[in-house]
Amino acid sequence: MSGPAGEGRPAEHPGLRRAVAASAIGNATEWFDYGIYAYGLTYISAALFPGDTQEATLFALATFAISFLIRPLGGFFWGPLGDQFGRKSVLTMTILLMAGATFLVGLVPSYETAGFWAPLLLIVLRMVQGFSTGGEYGGAATFMAEYAPDHRRGFFGSFLEFGTLAGFSFGALLMLGASLALGDEAMRAGGWRIPFLIAAPLGLVGLYLRSRTADTPVFREMEAAAEARGQAHAASLKELAVRHWPALLTMGGLVTALNVVNYTLLSYMPTYLERRLGLSTQEALVVPIIGMLFMMALMPVAGGLSDRVGRKPMWWFSLVGLFLLVIPLYHLMGQGLLGAIVGFALMGLLYAPQLATISATFPAMFPTHVRFAGFAVAYNVATSLFGGTAPAMNSWLISKTGDQAVPAYYMMGACVVGMIALCFTAETAGRSLREPQIGATKPLRPRLLRGGARPS
């Protein structure tokens, strides 16, 4: 139920804030890896790949994309396990694998020392990261959503993406700080490895937080009810495909829009600003960091607003705004350092309503017994095909066409896909995750209510 405090609203679960922290730090660990990889791309490509600078950079971007091709396998593997054995058990394993693989990247020998073993080892470790991430993100979002009170799911869920930006920014700042402190020569000689090695303690902190947090109340209630009936509580992938395919397709369309923008803005932008727009290495690294810090401040605001106006209005604002303004903003970024900062920040402002509401929107599209699997499969398949490949695809298309605005066109196309999917998405703000299916095929009328939208 919704309503002002003291008028039927349930109290916060006592473990809510710890659950939020435990979820967010896993996502931060994942994006910490993306941050140091994106911001250390020049050094990584020179150290671990053959060929000239352009060829080595393209190889490094392709290796970044490889981990995303493995993510669906992780989703198919971890998702059903999370619905059967619990969210917490899976999240404990995925954070260990993610942090361990990132740490080991810092120990990979150079191409000069090990030859083709160097890129091969990096590819294997990126595959391990992709496999573990296939369960991490869907599990963390589900974990957070099932702990949050229905009328504040948007607000608390936004901290998962706060963790995304914090992890990416932390990784980026570490790589940038190391570059400034050590100098280019020392970074190429091995200084780029230092940020990767910091992943180990980060993962241990996440593991500690998760070990001290009970599984979600929603999952434990479902498990107890299934045991009382003497039935299995987790569905098969076959049931997910047969009964919940509309939600899978709808979420896949939304994720396509979300992650083409996400990986173009966060992962590819430093390379784009330096190699395509001519900013210095330091300028190209600073611009997205400023933009991400700005976006971090917007996350709780956008998440809380979605509890009041609904998730769909937030997504409409974001998708339509990006479609209309992304080309002018890319032209603005081409006008120098100040233009790049302002253009990136404005794109971040338009993108924030999507990013802030992921954990509130996507888990609510599936019933509890297939929620982890449904989220993991739909999210990772779409991300694998269209999100993680965006940096390499943008770089390749620019080299073939010579058009520096290719990333803008790519984002516009993804926004169209997202708008089509949004037409088939139900409004779920304020709806209980304990309802059997709140689905994605019958749009509901959004309501502007004090404290959030009430269940029908």
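How far apart in helix α6 are Phe-143 and Tyr-147? Being 4 residues apart, Phe-143 and Tyr-147 are separated by about one helical turn of α6. Here are my notes on the rest.

1. **What we are looking at.** This is a predicted model, where local features need pLDDT of at least 70, side-chain atom pairs count only at pLDDT 80 or more, and totals for chains, interfaces and linings use all residues. Residues are numbered from 1 along each chain as its sequence is written, and side-chain values use heavy atoms, with hydrogens and water left out. Helices (H or I, at least four residues) and strands (E, at least two) are DSSP runs numbered from the N terminus.

2. **Aromatic pairs.** Searching the whole structure turns up 20 aromatic pairs. Rings of Phe, Tyr and Trp (its six-membered ring) pair if their centres lie within 6.5 Å; planes under 30 degrees apart count as stacked, over 60 as edge-to-face and the rest as tilted. One of the pairs is Trp-78 with Phe-131, tilted because the planes stand at 55°, with ring centres 5.8 Å apart. Trp-78 belongs to helix α3 (residues 53-85) and Phe-131 to helix α6 (residues 117-147), so this pair ties together parts 53 residues apart in sequence.

3. **Cover around the rings.** Buried means under 20% relative accessible area, exposed over 50%, and partly exposed in between (1.4 Å probe, protein chains only). Trp-78 is buried at 6%, whereas Phe-131, at 26%, is partly exposed.

4. **Back to the opening pair.** The rings of Phe-143 and Tyr-147 are also tilted, with planes at 50° and centres 5.3 Å apart. Phe-143 is buried, at 4% relative accessible area, and Tyr-147 is buried at 4%.

5. **A cluster and a charge.** Tyr-137, Trp-315, Phe-362, Phe-375 and Tyr-379 make up one aromatic cluster. Elsewhere, the charged end of Arg-126 sits over the ring of Tyr-37, 4.8 Å from its centre; the test is NZ of Lys or CZ of Arg within 6 Å of the ring centre and within 35 degrees of the ring normal.

6. **A nonpolar patch.** Val-320, Phe-323, Leu-324, Leu-325, Val-416, Ile-420 and Phe-424 make a nonpolar surface patch of about 600 Å². Two or more residues each come from α15 (311-333) and α20 (406-422), and α15 gives the largest share, 4 residues. Patch residues have over 30% relative accessible area and no salt bridge, and nonpolar side chains (Val, Leu, Ile, Met, Phe, Trp, Tyr) are joined within 5 Å. A salt bridge is a side-chain nitrogen of Lys or Arg within 4 Å of a carboxyl oxygen of Asp or Glu. Areas come from the Shrake-Rupley method with a 1.4 Å probe. Ile-420, in helix α20, counts as exposed at 51%.

Technical notes: Patches are made of residues with over 30% relative accessible area and no salt bridge: like charges are joined within 9 Å, nonpolar side chains (Val, Leu, Ile, Met, Phe, Trp, Tyr) within 5 Å.
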